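Please read the sequence and the model below side by side.

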Amino acid sequence: MKKEFQIPSELSEVPKASRRVLDALRFLRLSEGDLFDVRLCLEEALINAIKYGNCLRKELFVRLVVEHRGVELKIMVEDCGKGFDTQKIQDCTQEKNLFKASGRGVYLIHQLMDQVSYNSKGNC
(Lines give C-alpha, C1' and ligand atoms only; values in the text may rest on other atoms or scores of the structure.)
Protein backbone atom coordinates (compact mmCIF):
# COMPACT_ATOMS: atom_id res chain seq x y z
CA MET A 1 0.00 0.00 0.00
CA LYS A 2 1.31 3.43 -0.94
CA LYS A 3 -0.58 6.70 -0.71
CA GLU A 4 0.60 10.18 -1.57
CA PHE A 5 -0.93 13.46 -0.41
CA GLN A 6 -0.33 17.14 -1.20
CA ILE A 7 -0.94 19.18 1.96
CA PRO A 8 -1.53 22.94 1.69
CA SER A 9 0.83 25.01 3.84
CA GLU A 10 -1.84 25.96 6.37
CA LEU A 11 -1.68 24.74 9.95
CA SER A 12 -5.43 24.10 9.90
CA GLU A 13 -4.73 21.32 7.36
CA VAL A 14 -2.59 19.30 9.79
CA PRO A 15 -5.42 17.53 11.68
CA LYS A 16 -7.25 16.86 8.40
CA ALA A 17 -4.16 15.23 6.88
CA SER A 18 -3.59 13.25 10.06
CA ARG A 19 -7.14 11.88 9.95
CA ARG A 20 -6.76 10.88 6.29
CA VAL A 21 -3.53 9.02 7.02
CA LEU A 22 -4.93 7.24 10.07
CA ASP A 23 -8.01 6.25 8.07
CA ALA A 24 -5.73 4.84 5.36
CA LEU A 25 -3.90 2.80 8.02
CA ARG A 26 -7.05 1.44 9.66
CA PHE A 27 -6.57 -1.95 7.95
CA LEU A 28 -3.35 -2.47 9.94
CA ARG A 29 -5.31 -2.65 13.22
CA LEU A 30 -2.60 -0.80 15.13
CA SER A 31 -2.92 -0.46 18.89
CA GLU A 32 -4.21 2.81 20.33
CA GLY A 33 -0.69 3.54 21.57
CA ASP A 34 0.85 3.02 18.15
CA LEU A 35 -1.84 5.14 16.50
CA PHE A 36 -1.16 7.91 19.02
CA ASP A 37 2.59 7.78 18.27
CA VAL A 38 2.04 7.85 14.51
CA ARG A 39 -0.42 10.74 14.77
CA LEU A 40 1.81 12.78 17.09
CA CYS A 41 4.94 12.31 14.97
CA LEU A 42 3.10 12.93 11.71
CA GLU A 43 1.54 16.14 13.03
CA GLU A 44 4.86 17.38 14.42
CA ALA A 45 6.60 16.72 11.09
CA LEU A 46 3.82 18.44 9.13
CA ILE A 47 3.82 21.47 11.43
CA ASN A 48 7.60 21.82 11.06
CA ALA A 49 7.37 21.48 7.27
CA ILE A 50 4.61 24.08 7.03
CA LYS A 51 6.07 26.58 9.52
CA TYR A 52 9.80 26.30 9.01
CA GLY A 53 10.17 24.67 5.60
CA ASN A 54 7.45 26.44 3.63
CA CYS A 55 7.34 29.50 5.94
CA LEU A 56 3.51 29.37 5.97
CA ARG A 57 3.44 30.33 2.28
CA LYS A 58 0.00 29.22 1.14
CA GLU A 59 1.07 28.74 -2.47
CA LEU A 60 3.48 25.95 -1.40
CA PHE A 61 2.56 22.39 -0.53
CA VAL A 62 3.98 19.66 1.67
CA ARG A 63 4.33 16.26 0.05
CA LEU A 64 3.32 13.38 2.28
CA VAL A 65 3.89 9.75 1.33
CA VAL A 66 2.68 6.82 3.44
CA GLU A 67 3.90 3.38 2.48
CA HIS A 68 3.26 0.01 4.07
CA ARG A 69 5.19 -3.16 3.13
CA GLY A 70 5.10 -6.24 5.30
CA VAL A 71 5.80 -5.12 8.85
CA GLU A 72 7.28 -1.76 7.81
CA LEU A 73 5.43 1.52 7.76
CA LYS A 74 7.22 4.51 6.21
CA ILE A 75 6.01 8.08 6.41
CA MET A 76 7.81 10.71 4.37
CA VAL A 77 7.22 14.45 4.76
CA GLU A 78 8.87 16.81 2.28
CA ASP A 79 8.58 20.59 2.16
CA CYS A 80 9.67 23.08 -0.49
CA GLY A 81 12.14 24.87 1.76
CA LYS A 82 15.90 25.18 1.63
CA GLY A 83 16.25 22.55 4.34
CA PHE A 84 18.32 22.57 7.49
CA ASP A 85 21.49 21.01 8.84
CA THR A 86 20.25 17.97 10.73
CA GLN A 87 23.58 17.75 12.58
CA LYS A 88 22.75 21.03 14.33
CA ILE A 89 19.54 19.85 16.00
CA GLN A 90 19.87 20.88 19.62
CA ASP A 91 19.05 18.43 22.38
CA CYS A 92 15.96 19.84 24.11
CA THR A 93 16.72 17.75 27.22
CA GLN A 94 19.94 19.65 27.95
CA GLU A 95 19.58 22.21 30.71
CA LYS A 96 20.41 25.17 28.44
CA ASN A 97 17.51 24.20 26.12
CA LEU A 98 14.85 23.24 28.66
CA PHE A 99 12.96 26.52 28.51
CA LYS A 100 13.24 27.18 24.78
CA ALA A 101 9.89 27.38 23.02
CA SER A 102 10.86 25.07 20.17
CA GLY A 103 12.83 21.93 19.44
CA ARG A 104 10.67 19.29 21.05
CA GLY A 105 8.89 18.02 17.93
CA VAL A 106 12.00 16.58 16.32
CA TYR A 107 13.01 15.12 19.68
CA LEU A 108 9.63 13.40 20.06
CA ILE A 109 9.81 12.00 16.54
CA HIS A 110 13.24 10.51 17.27
CA GLN A 111 12.02 9.05 20.57
CA LEU A 112 8.81 7.48 19.25
CA MET A 113 9.80 6.19 15.81
CA ASP A 114 12.02 3.17 15.21
CA GLN A 115 14.08 5.01 12.60
CA VAL A 116 14.31 8.61 11.40
CA SER A 117 16.33 9.78 8.44
CA TYR A 118 16.71 12.97 6.44
CA ASN A 119 17.74 13.71 2.88
CA SER A 120 21.02 15.58 2.38
CA LYS A 121 19.20 18.88 1.85
CA GLY A 122 17.28 18.54 5.12
CA ASN A 123 13.81 19.23 3.70
CA CYS A 124 12.59 15.63 3.69
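The second largest pocket holds about 170 Å³ of space. A pocket here is an open set of points on a 1 Å grid over the protein atoms alone, where a 1.4 Å probe fits and protein lies on both sides within 12 Å along at least five of seven lines; lining residues have an atom within 4 Å of a point. Grid points are joined across faces, edges and corners, and the volume is the space filled by probe spheres set on the points. This is a predicted model: local features need pLDDT of at least 70, side-chain atom pairs count only at pLDDT 80 or more, and totals for chains, interfaces and linings use all residues. Residues are numbered from 1 along each chain as its sequence is written, and side-chain values use heavy atoms, with hydrogens and water left out.

The lining of this pocket consists of Leu 22, Asp 23, Leu 25, Arg 26, Arg 29, Leu 30, Glu 32, Leu 35 and Phe 36. H2 gives the largest share, 3 residues, and helix H1 (14–24) also supplies at least two. Helices (H or I, at least four residues) and strands (E, at least two) are DSSP runs, numbered from the N terminus. By class, the lining has 5 nonpolar residues, no polar ones and 4 charged ones; Leu and Phe count as nonpolar, and Asp, Glu and Arg as charged.

Ala 49 also belongs to helix H2 (residues 32–53). Its relative accessibility is 4%, which counts as buried (under 20% relative accessible area; exposed is over 50% and partly exposed in between, with a 1.4 Å probe and protein chains only). Leaving out residues up to four places away in sequence, Ala 49 touches Asn 54, Val 62, Val 77 and Asp 79, where contact means heavy atoms within 4.5 Å.

Val 77 and Asp 79 are also among the residues that Asn 123 touches. Asn 123 sits in the segment after H3 and is buried at 6% relative accessibility. Its side chain reaches the backbone oxygen of Asp 79 at 2.8 Å, and a polar contact of 2.8 Å joins it to the side chain of Asn 119. A polar contact is a pair of N or O atoms within 3.5 Å; within protein, one must be able to donate a hydrogen and the other to accept it, and residues adjacent in sequence count only if both atoms are side-chain atoms.

The whole structure has 1 aromatic pair. Phe 84 lies in the loop between strand E3 (72–78) and helix H3 (104–112) and Tyr 118 in the segment after H3, so the pair ties together parts 34 residues apart in sequence. Rings of Phe, Tyr and Trp (its six-membered ring) pair if their centres lie within 6.5 Å; planes over 60 degrees apart count as edge-to-face, under 30 as stacked and the rest as tilted.
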